[in-house]
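Biologist: I would like to learn how to read ring pairs and helix packing in a model of this kind. Could we take the two topics in turn?

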Amino acid sequence: RSELAYERRDFHTAYGLLRGLDPGRLEVPQVLRMIGLLLDLELHGRALEIAQEAVPPGEPTLWLSRLLAESGLHGEAKKVLEGNDTVEGSLERAHVLLRQLRFEESEPLLEQVLAAGHRPWQARMLLGKLYLDSGRAEKAVPVLEEAVQLQPNNVSGLHQLALACWQAGQLEAAVAWLRRGLEIEPQSDRLRYELGRMLAQGGEHVEALDLLLSVVARQPDHPRAHYALGDLYRRLGNPEASRRHLERFAELQESLERDRRDLKSRKEALREWAEKRP
């Protein structure tokens with residue numbers, strides 16, 4: 001019920017329901033869900049209190065670290081992993097460092113995991129992301145190719161490899177990897193959007209237009225697809241269609257910004273209310 005209230009943006013009700021729960025009487029997965037919801041509500045202090053009280057050492061701390069890192073509590077996430085020398089712990093530490101853009105510290109950690117032969121797919125995916133985020137797409141390509149060889153039907157791996165190839169100037173290869181991904185997940189709007197904008201860049205305007213229009217047909221509020229269509233119609237010499245999609249892009253961006261401001265205001269009001277409660 002608390003999660004449903006959160007989805008409806010009834011944050012006060014969501015928190016009120018959580019306050020009625022005793023973490024000590026919950027199973028670990030339920031405790032982690034509770035902590036995750038409190039973090040989403042930006043009630044970080046209460047989330048950390050429950051984490052210290054009710055999350056036992058071991059595997060649950062890996063999930064807890066991920067929840068904390070996703071909420072921007074990087075220092076707390078690393079504290080949770082202290083003393084965890086497992087492969088999973090090393091990968092999670094590398095993940096936290098990547099979120100902080102601390103590439104020089106994360107890179108040797110991932111290389112050590114790979115050298116030991118542990119978790120090769122996950123480690124290669126993280127190392128490939130590290131190279132991409134640090135502007136080294138050429139180094140990301142072979143690492144992600146190895147990841148795809150290990151899990152050839154993993155669409156996330158194919159997507160990351162396509163992005164790496166594109167950033168490395170290998171447009172044909174990027175398109176080929178995205179086409180393979182679409183063979184596995186033909187209805188993926190994420191892949192259709194990426195393929196559409198790459199084909200547009202390569203001059204394949206007709207297919208690019210079909211792909212991007214199919215994305216906005218299913219997701220009318222997809223801002224990046226509208227922007228790509230606006231740019232593509234401009235290249236095709238259709239200023240009216242270009243203007244229409246670019247205006248829609250601007251409207252969606254403004255709506256997203258209003259939504260962010262509303263969420264921030266609601267959560268600030270909740271924090272003030274929660275601090276007054278015993």
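Predicted model: local features only at pLDDT ≥ 70, side-chain atom pairs only at ≥ 80, totals over all residues.

Biologist: What is the angle between the planes of tyrosine 15 and tryptophan 273, and which kind of aromatic pair do they form?

Modeller: Planes over 60 degrees apart count as edge-to-face, and here the angle between the planes is 85°, so the pair of tyrosine 15 and tryptophan 273 is edge-to-face. The pair links distant parts of the chain, since tyrosine 15 lies in helix H2 (residues 11-19) and tryptophan 273 in helix H16 (residues 239-275), 258 residues apart.

Biologist: Is tyrosine 15 buried or exposed?

Modeller: Buried means under 20% relative accessible area; tyrosine 15 has 10% and is therefore buried, whereas tryptophan 273, with a relative accessible area of 23%, is partly exposed.

Biologist: Turning to helix packing, at what angle do H13 and H14 pack?

Modeller: Helix H13 (residues 189-201) and helix H14 (residues 205-218) pack at about 150°, with their axes 8 Å apart. Angles over 145 degrees count as roughly antiparallel, and H13 and H14 are therefore roughly antiparallel to each other. The crossing in which H13 passes H14 is left-handed.

Biologist: Which residues make the contact between H13 and H14?

Modeller: Among them are Tyr193, Leu195 and Leu199 of H13, together with Leu211, Leu212 and Val215 of H14. By class, the contact of H13 with H14 has eight nonpolar, three polar and five charged residues.

Notes: Residues numbered from 1 in each chain as written. Heavy atoms only, no water. Axes fitted to C-alpha atoms, helices over the stretch in contact; angles between N-to-C directions. Helix = DSSP H or I, 4+ residues; strand = E, 2+ residues; numbered from the N terminus. Parallel < 35°, antiparallel > 145°, perpendicular 65-115°, else oblique. Left-handed = near helix turned anticlockwise from the far one by under 90°. Contact = heavy atoms within 4.5 Å. Nonpolar A, V, L, I, M, F, W, Y, C, P; charged D, E, K, R; others polar. Phe/Tyr/Trp six-rings, centres within 6.5 Å; stacked < 30°, edge-to-face > 60°. Buried < 20%, exposed > 50% of the residue type's maximum accessible area, 1.4 Å probe, protein only.
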